[in-house]
Amino acid sequence: MTETSTEETHDFGTEVGRLLDLVVHSLYSDREIFLRELVANAADATDKRRFLALSDGAFALPENPAIKISTDKLTQTITISDHGTGMSKEELASHLGTIARSGTAAFTSSLAAQKPEERPSLIGQFGVGFYSAFMVADEVEVISRKAGHQEAWAWLSNGKGKYTLKPAVREESGTTIILHIKPEAEEFLEPLRIKTIIRKWADHIALPIELEEDGKFASVTEGNALWRRNKSEISKEDYAAFYRHTGHAWDEPWATIHWRAEGTLEFSALLFIPSSKPFMPVEETRESKVRLHVKRMFITDEARLLPNWLSFVAGVVDTEDLPLNVSREILQATPVLDKIRKALVNRVLSELKSKAKDADDFKTFQENFGAVLKEGLYEDSGHAADIAGLLRFASTKEEATTLDDYIARMPEGQNEIYYLAGDAANLKTSAQLEGFAEKGYEVLLLSDPIDAFWPTRMESYKDKKLKSASQAAGLFAPAESSADITALCEKLAKALEGKVSGVTASTRLKDSPAMLVANEAGPDLAMQRLLRRAGRPVFGLPPALEINPGHKLILALATRAELDAEANLLLDLAKLQEGDLPEDPAAFVRHIAHAIAGE
């Protein structure tokens, strides 16, 4: 950091510098997005100040607040000014001097790897909207005065590795952004171009957006909250533009849910389900994407209006039944909000049921958000049956099947819904399935991580118990074994004492020499694997080992007098089949090497 008097120059982090370079060059063809992002930030800051003013007079807004935009061809600048909360010196450094409170390194590397036509869909999802200004400006100046403070500060940068902080003058609280426009971006100095962009991206913002022309400021937006208008007045393009604005997205909404609830509880809701899964630089969080408004005024985006398993839904809910000065603590306990939450969940599920009638269309949705929706099977017992009825599952007979269709195909004598959870690459060839095919029993193949959890929590669907194929030993009759095989089972059980709960000859193994079978009273094999990988203890009896009495390897082992090494090798082979690791990988490799060498 360098410092002259009270002027300070700081370095951006390495990753920030890389990201700025990518934003400037990789997203250049969609540069008009800069205005949408800066206007959205200004509107949010003003909404937040209006809300804070309800409980603190220091945040009181001036009369007729607006976002003001002006262009100056002489100085080659665009100025965007607001009456928002403003930023202190520390907040300028925190908010503008560092990027992405979410995985900058992962984002930059991913952005660099994208095809040019795919890159625009990434911007806006990582807190990098402000930096889109550098697509059209070779220098950006931010002058900000925090509400309730007397001093103002300026932040300046050319986006090439450093930024400067210095004292400034601003008569009112709020923020002014001055963009020094690049010669190749002079089109944005034309008021008509600015007006076109604002009407395209921000016509639905309630806060007036005023553009200076001929020395006078005039509003260029209708300022009509879209969610309050009649559906008959709104075009598909209007909905799409609002969706992109609120969600910082570039795709089309897969579903649009717009309705007004009336009666004892009144609210308007405009919700969207995306048509594509957003790229996440780090493990996806479950932050709410639904904003709460009261009488059109933004209150919070932390009201948790939808559960985690619907976290992909974005939009706005506006109610008349809450006071404007409601606190966030009260929000979490108010019965009004509980009723709104219940209504929203039911309405979204109703929309999903309607969309599910088109199997091909719903397949796209499930590929994007099925794993998130499945969390509701585990977390929400009240809606689990509705969610389960919507979802499609791969099985041993169908590429995608509903649970209702599975039940309709169940042969006489089958009373349970069988499933096998694990890695997608291993499921179809799992030894666990060998006996089910002979019986004509279909098995669901579940490959999402949450699939190891929800079946045991849900327990049944339409009176049909959900049962893991790895715990279905009782479905198959005991094998009639020769004396040699019986003796082999006893030797293996002794050699593997403490590692398996028993060894038996199997009637369901056809091609595999052996497999593990979980005890019915404990977790199935998939859950046991997850627990071990997480470093958690696995309670209950260890799994049993079933051997194939007709397999050449088993017949060969039956002739051996000593079986300690071979027993452990057989156990490791059974583990590998289930996607698990041998207990001692190095010993396993040595055993295999000796076996291949014929030693």
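Mentor: We will go through the cavities and then one threonine. Keep in mind that this is a predicted model.

Trainee: Which elements give two or more residues to the lining of the largest cavity?

Mentor: Those are β17 (416-421) and α13 (424-427). Among the lining residues are Leu420, Ala421, Asn426, Leu427, Arg529 and Glu578.

Trainee: And how does that lining divide into nonpolar, polar and charged?

Mentor: It has three nonpolar, five polar and three charged residues.

Trainee: What about the second largest cavity, how much space lies in it?

Mentor: About 40 Å³. Ten residues line the second largest cavity, and the closest to its centre are Ser288, Lys289, Leu306, Leu310 and Ser311. By class, its lining has five nonpolar, two polar and three charged residues.

Trainee: New topic. Where is threonine 176?

Mentor: Threonine 176 is in strand β8, which covers residues 174-181.

Trainee: Is threonine 176 buried or exposed?

Mentor: Its relative accessible area is 12%. Threonine 176 counts as buried because that value is under the 20% cut-off.

Trainee: Which side chains does its side chain make polar contacts with?

Mentor: One is the side chain of serine 81, at 3.3 Å. Another is the side chain of arginine 170, at 3.1 Å.

Trainee: Which residues does threonine 176 touch, not counting those up to four places away in sequence?

Mentor: Thr79, Ile80, Ser81, Glu141, Val142, Ile143 and Arg170.

Definitions and conventions. Residues are numbered from 1 along each chain as its sequence is written. This is a predicted model: local features need pLDDT of at least 70, side-chain atom pairs count only at pLDDT 80 or more; totals for chains, interfaces and linings use all residues. Side-chain values use heavy atoms; hydrogens and water are left out. On a 1 Å grid over the protein atoms alone, a cavity is a set of points where a 1.4 Å probe fits but cannot get out, and a pocket is an open set with protein on both sides within 12 Å along at least five of seven lines; lining residues have an atom within 4 Å of a point. Helices (H or I, at least four residues) and strands (E, at least two) are DSSP runs, numbered from the N terminus. Ala, Val, Leu, Ile, Met, Phe, Trp, Tyr, Cys and Pro count as nonpolar, Asp, Glu, Lys and Arg as charged, and the others, Gly among them, as polar. Grid points are joined across faces, edges and corners, and a volume is the space filled by probe spheres set on the points. Buried means under 20% relative accessible area, exposed over 50%, partly exposed in between (1.4 Å probe, protein chains only). A polar contact is a pair of N or O atoms within 3.5 Å; within protein, one must be able to donate a hydrogen and the other to accept it, and residues adjacent in sequence count only if both atoms are side-chain atoms. Contact means heavy atoms within 4.5 Å.
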